[in-house]
Amino acid sequence: PRQLPALPGTQAGQGGATPPTRNGALLGQCSTETLIELLKQHAGLKDCSAETVQHINAILQELYTRVRKQERHFKRAFILGGLYGLVECTSPRVLLAVARVVLALRVTGSNLTGACKLIFKVARHEQHDGLFHEHDVLELLIDGLGHASPLDEPEACIYAYGCIRFLTASSAQERDDALNRNWASGFEEPLPPPATAALTAAAAVAVLKPETNQRKLNGQQTLVSRLARHGAVDLMVLHLQMLNEAGATRRLSGPPLHTLYQLSAALRALADVAKQQQRLQLQLQLACPHLIRAAEVAMAELEVQANVVRTLSVLSEDAECCETLHQYAARIGLLLGPACSKLDQSSERLLAVLSRLGYMLGNILAKHETARIQYYHNDVAMQFLLDVLQQLSERSPASESLLDAQIKLIRVVANMSVNAEVGAGLGNLHALGAVLLRLLKHAVVALDSKGVEQPVEQLELLHATLGALHNLCFYQDKQQQQQVAGAPAAGSLQSLIAELSTELANALARCQSARALSTKVEIARVLGNLTRNEQARHCFCAAGGLPLMVQQLTRQASGQDYELRTCAIGVLVNLLGDGEQRAPFLQLRGAELLALLLRGALEQEDWFLANIVCQALWNLLIDVQCATALCRSGNILDEVSELLADYLDEERLMLAAEEGNDEEQDEQDTDAEQSGKLSELDADATPDALWEDFALVATDLLERIQNNFDKQQQQHQLQQRHIDNDNEDNDNDVVFIEEM
């Protein structure tokens, strides 16, 4: 007789029968003592086969079921003794199964820390995330933390919150190339971005298998939802309170301080995932006040404070969290104080803290009017902001982190000055004008780079500074300046109007490259508000500003430069309000340019552009000498008069509208009945509001032109005295752009 081959997993000569303990169905018949003894047979096991993993998992699952039923036939220490022989196993399934049983025993102290460490060991690696969807280990982890104190059992909290941080990590910088990279061991920050080749490879994988990233993203949302339903956020808030209370009486250090670090990082990871899926109602706004307090507690620990502030900056992007944070705007501003004395250390981490604080305050002040007023009226917070800006502006922009901090803090000033009271007050705040002017001079260097690649942040700083100046200059017109009692404060924006006007002219002259278009627009916006001030107009024109503005209109003729064109014409409206600028404008062929712009605007039925061109012509024709010169030439004013008379005809406007509708109806191939209804609606329609505004200005301009022609025909021999009187009367009719 021949011998049969051995069955898989058995040895020849043993009859091929599977031991009863290898059969999962028979494990339920074994006593708990037998199960523990079976586990002890694998004590010290490291590498193991899939069959062994399956066998150990079956034993641990049966043991978990019994523990959950609160079976007390054996002491807890006896069960734990059988479990901890498996902690060196390399199988993540076995480690999680061991942790489940330990947590089900409702352990505390070092046993809880050991279980959290096992879960952390598995969660560190992205490829193991799927295992957390197979059972309730996360819920058990939260239950275990509920019995722990971040002060008495900090290591358990460190490992547990580190685990949550890894499982839910999805920062904005990582979403494009790799949703979740493998993180460094221990409690370090994520590894720095890989080399270009590695990024290319990651991108290729993402292109080939987009569904993998999508599954990962959905998996994260599922884990976060489970954590939230089981009270993870409430527990984290409670632990924050406990740490803050301890920090109020003594300086946090060691494991409790490290717990605060991991806890704040875990909250940030939850917030990142919540931003991607709005239906995840995590109520993270509950943590905002406690995180602010934590940032105050950690002032002496820059690394921890930077992490807490980073979490707050992420939360400020959420509407509900921002609603909560705006009540503490001035208190957040006080966090800038300690940085004033440490800036000389040139710490990158300190600059990161300043950048995050500025980002958070910028978000808050952009949305909430009460926060702007609250911050402005807190003298200490305002002084801290001014001191930090002053110190940063005195440095040459040598690093991206410095530029980023400057950009974010300038954004705070820009958003705060949206409020009329605050904006007017900031215009007379000592040293702020000098800071902005210094930053403007530093940032303008980006416009001079010829063949030298300047950091993108350099241009962003220029635009941020121009944005702040744009808001502040809105309040610095001649009427506001007359209301200021006494001399303006030293270094304030009001005291530096002349210098600012000259610097803006120099900056505009440097904008020669094609990529400087957006910068030209920002400069023109600032000038639109600034040139309502008489001193600003004189200084800007003295620096060659008038030819520069005309140049912008002659060189830019394509549709993509529409915004620059409208802003530049608005500046011309203000500049032509000064009598001494009208004759030079005529020498630059400005009248022909305005007539050309008016024709183009009317042909395109751009009533807004036509409106401001008419305002510029109005200011030009206020001057009798300019009007006389133009009347004698005849061609320009004749052309303008014909255009205005033609486009002020309401019948022509309605006819053009009907023709446009008829063409649209033909293209859509509609039936006759529908065409009739549309015609009736068009006949009853009111004229466009923009056209009505244009019509008011254009009608006055047309009357002025006709009056000038009449004066030339009937009063050719007027005395010079009468001309002077006309000049004085007409100057009262000068118009300025109300808002740019």
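This passage describes the fold, confidence and selected contacts of a predicted model.

The model is predicted: local features need pLDDT of at least 70, side-chain atom pairs count only at pLDDT 80 or more, and totals for chains, interfaces and linings use all residues. Residues are numbered from 1 along each chain as its sequence is written, and side-chain values use heavy atoms, with hydrogens and water left out.

The chain holds 39 helices and zero strands. Helices (H or I, at least four residues) and strands (E, at least two) are DSSP runs, numbered from the N terminus. Of the 740 residues in the chain, 50% are buried. Buried means under 20% relative accessible area, exposed means over 50%, and partly exposed lies in between (1.4 Å probe, protein chains only).

Confidence is given as pLDDT, the predictor's confidence in each residue, from 0 to 100. The chain has a mean pLDDT of 80, and 76% of its residues reach 70 or more. Confidence is highest in helix 19 (residues 369–376), at a mean of 96. It is lowest in helix 9 (residues 196–208), at a mean of 31. Residues 1–21 have a pLDDT below 50. Beyond near neighbours in sequence, this stretch has twelve contacts in the model. Residues 171–216 also stay under 50. For them the model has 57 contacts beyond four places in sequence.

Two packed helices are described by the angle between their axes and the distance between the axes. Axes are lines fitted to C-alpha atoms, for helices over the stretch in contact, and angles run from 0 to 180 degrees between N-to-C directions. Helix 2 (residues 32–40) packs with helix 4 (residues 76–83) at an angle of about 30°, and the axes are 8 Å apart. Helix 2 is therefore roughly parallel to helix 4. Angles under 35 degrees count as roughly parallel, over 145 as roughly antiparallel, 65 to 115 as roughly perpendicular and the rest as oblique. On the helix 2 side, Glu-33, Ile-36, Glu-37, Leu-39 and Lys-40 take part. They meet Phe-78, Ile-79, Gly-82 and Leu-83 in helix 4. By class, this contact has five nonpolar, one polar and three charged residues. Here Ala, Val, Leu, Ile, Met, Phe, Trp, Tyr, Cys and Pro count as nonpolar, Asp, Glu, Lys and Arg as charged, and the others, Gly among them, as polar.

The structure holds five aromatic pairs. Rings of Phe, Tyr and Trp (its six-membered ring) pair if their centres lie within 6.5 Å; planes under 30 degrees apart count as stacked, over 60 as edge-to-face and the rest as tilted. Phe-474 and Tyr-475 form an edge-to-face pair, 5.2 Å centre to centre with 90° between the planes. Phe-474 is partly exposed, at 28% relative accessibility. Tyr-475 is buried, at 11%. Trp-607 and Tyr-647 form an edge-to-face pair, 6.3 Å centre to centre with 65° between the planes. This pair links distant parts of the chain, 40 residues apart. Trp-607 lies in helix 33 (residues 607–622), and Tyr-647 lies in helix 35 (residues 635–647). Trp-607 is buried, at 8% relative accessibility. Tyr-647 is buried too, with a relative accessible area of 9%. Ring pairs also link Phe-120, Tyr-159 and Phe-166 into a cluster.

Ala-443 is in helix 23 (residues 432–443). It is buried, with a relative accessible area of 0%. Not counting residues up to four places away in sequence, Ala-443 touches Gln-458, Leu-461 and Leu-462. Ala-443 and Leu-462 are 19 residues apart in sequence, yet 5.0 Å apart in space, C-alpha to C-alpha.

Several loop residues complete the account. Ala-431 lies in the loop between helix 22 (420–427) and helix 23. Its phi is near 75°, a positive value in a residue other than glycine. Ala-431 is buried, at 12%. Arg-106, in the loop between helix 5 (92–104) and helix 6 (109–123), has a positive phi near 60°. Arg-106 is partly exposed, at 48% relative accessibility. Glu-317 lies in the loop between helix 14 (302–315) and helix 15 (319–325). Glu-317 is partly exposed, at 32%. Its contacts beyond four places in sequence are Lys-275, Tyr-359, Asn-363 and Lys-367. Glu-317 and Lys-275 are 42 residues apart in sequence and 8.5 Å apart in space, C-alpha to C-alpha.

How values were computed:
Contact means heavy atoms within 4.5 Å.
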